[in-house]
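The following exercises are to be worked with the sequence and the coordinates at hand. Each task is followed by a solution in steps.

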Amino acid sequence: MAENNDVIAAIVGIEPGSALAEVVAGRADIMALTQQTHDGALTPVASGGLTHAERAALACRIAKINDDKDFEEHFEALLDSAGPSSDTARIADIWFDGGSDIRLKALIRHVDLVAHAPKDATRRDIELLQEAGLTDADIVRLSELVAFVSYQIRVAAGLRLMRGLA
Amino acid sequence: MSKVVHEFTTAIPEWKPYVKPLDLAEASAAQLEALKITPSNTKVSDYVLVLAHDVETLTHRSPLFNGVMYNKGGLSRAEREIGAVGASIVNRCIYCAAVHASRYNQLAKDETVIAAIFADGVDAEIEPRLKAILDFSVKLSKCPSDADASDMQALVDAGLGKDEILDLILSSSLFGWANRLMHTLGEPIAE
């Protein structure tokens with residue numbers, strides 16, 4: 001996906017040759033690793049028990065919880081390109097709680113909690129995922145997705161503020 | 001008796017995962033590569049063994065983490081630790097706060113700043129430059145981020161260069177990531 005070469009640069013609107021581009025170039029290694037982690041979290045080669053469409057839809061929720069329209073659109077586009085079923089596409093709807101699907105309900109509950117208020121998470125929240133049938137490996141995959149997207153959104157938020165500096 | 005730590009401290013607790021760490025005997029070649037396991041290096045923390053369940057993020061996460069916290073130039077290592085501590089306070093990650101607060105104390109050879117932050121949070125009476133760094137980190141760590149143009153201007157007014165501001169954004173954001181793993185996948189235990 002050539003258009004996703006650097007999601008943060010595209011979203012922040014870092015103009016080549018600008019003062020901000022020059023500063024960010026000083027940390028080009030970090031920005032490249034950030035993009036590689038994005039791809040590893042959203043479109044991994046081995047996706048385990050979380051499909052690419054589910055990952056994109058959950059990331060879309062995280063963007064909404066962070067009130068970040070640009071990331072919402074980015075993850076929506078990723079979701080569309082994954083060709084989601086209508087059930088999976090619904091995950092991106094912030095008012096949808098998973099309905100009668102126990103696994104989906106647990107995924108959504110956990111993502112919303114950890115995106116918005118990680119301080120409130122306890123052992124019980126991990127047990128709820130296990131009781132809903134998630135393997136420990138999938139729990140770690142889910143956790144990395146929420147954690148990484150929360151990071152990426154903040155890097156972009158900070159860079160948008162830097163763009164405003166003289 | 002071991003017990004779960006709920007208050008901020010600079011005494012580094014032990015981290016106990018809620019999920020099973022990867023069993024090295026069952027690790028794939030990609031997992032061993034990401035863990036940098038060699039015959040002479042088989043010591044890996046439970047935390048990293050937990051993260052090894054998701055090898056496609058761990059592979060990039062380790063060098064990214066080291067770069068953000070330790071690469072040359074830009075913001076001082078001690079001030080990057082304040083970015084980490086600010087996020088860890090918002091997200092109440094007792095373990096991350098302990099590790100990075102004690103690292104700040106070692107680097108700065110001073111314990112008063114962390115003592116003030118642990119006692120009074122963002123109201124801590126610390127020197128203006130550190131105060132601007134802490135405030136920005138705390139605000140960026142909220143969900144949604146609460147940092148605005150005036151917080152950015154406060155960093156400039158406190159004397160931070162653009163390269164330093166970028167490093168602060170990266171270290172604060174990085175702990176929005178780390179806290180969401182450490183605090184949700186396990187708990188800090190006092191010996």
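**Exercise 1. Determine how many helices and strands chain B has, and in what order they run.**

Step 1. Take helices as DSSP runs of H or I with at least four residues and strands as runs of E with at least two, numbered from the N terminus. On these terms, chain B has nine helices and three strands.

Step 2. Read from the N terminus, the elements of chain B follow the order β-β-α-α-α-α-α-α-α-α-α-β.

Step 3. The radius of gyration of chain B, taken over C-alpha atoms, is 17 Å, close to the 16 Å that the globule rule gives for 191 residues, so chain B is as compact as a globular protein of that length. The rule is 2.2 Å times the number of residues to the power 0.38.

Step 4. The C-alpha trace of chain B spans about 55 × 40 × 35 Å along its principal axes.

A note on conventions: this is a predicted model, in which local features need pLDDT of at least 70 and side-chain atom pairs count only at pLDDT 80 or more, while totals for chains, interfaces and linings use all residues. Residues are numbered from 1 along each chain as its sequence is written, and chains are lettered from A and ligands numbered from 1 in the order in which they are written.

**Exercise 2. Describe the side of chain A that touches chain B.**

Step 1. Count two residues as in contact if their C-beta atoms, placed from the backbone, lie within 7 Å. By this criterion, 47 residues of chain A are in contact with 44 residues of chain B.

Step 2. On chain A, at least two residues of this side come from each of α2 (19-25), α3 (28-42), α7 (102-116), α8 (123-131) and α9 (136-163).

Step 3. The largest share, 19 residues, is supplied by α9(A).

Step 4. By type, the residues on this side of chain A are 26 nonpolar, 11 polar and 10 charged. Here Ala, Val, Leu, Ile, Met, Phe, Trp, Tyr, Cys and Pro count as nonpolar, Asp, Glu, Lys and Arg as charged, and the others, Gly among them, as polar.

**Exercise 3. State how many residues of α4(A) are buried, and what covers them.**

Step 1. Helix α4 (residues 52-65) of chain A has 14 residues and reaches 20 Å from its first C-alpha to its last, close to the 20 Å expected at 1.5 Å a residue; the expected span is 1.5 Å times one less than the number of residues.

Step 2. A residue is buried if 20 or more other C-beta atoms lie within 10 Å of its own, exposed if 12 or fewer, and partly exposed in between. Of the 14 residues of α4(A), 12 are buried, so the helix is largely enclosed by the rest of the structure. Among them are A:Glu54, A:Arg55 and A:Arg61.

Step 3. The cover over these buried residues includes α3, α5 (69-81), α6 (86-89), α7 and α9 of chain A.

Step 4. Just after α4(A), A:Asp67 takes a positive phi of about 55 degrees.

**Exercise 4. Identify the residues that touch the most other members of the largest nonpolar core.**

Step 1. A nonpolar core is a set of buried Ala, Val, Leu, Ile, Met, Phe, Trp, Tyr and Cys residues joined through C-beta atoms within 7 Å.

Step 2. In the largest core, of 110 residues, those touching the most other members are A:Ala56, A:Ala59, A:Ile62, A:Val146 and B:Cys96. The greatest contribution to this core, 16 residues, is from α9(A).

Step 3. Not counting residues up to four places away in sequence, A:Val146 touches A:Ile62, A:Val111, A:Val114, A:Ala115 and B:Arg180.
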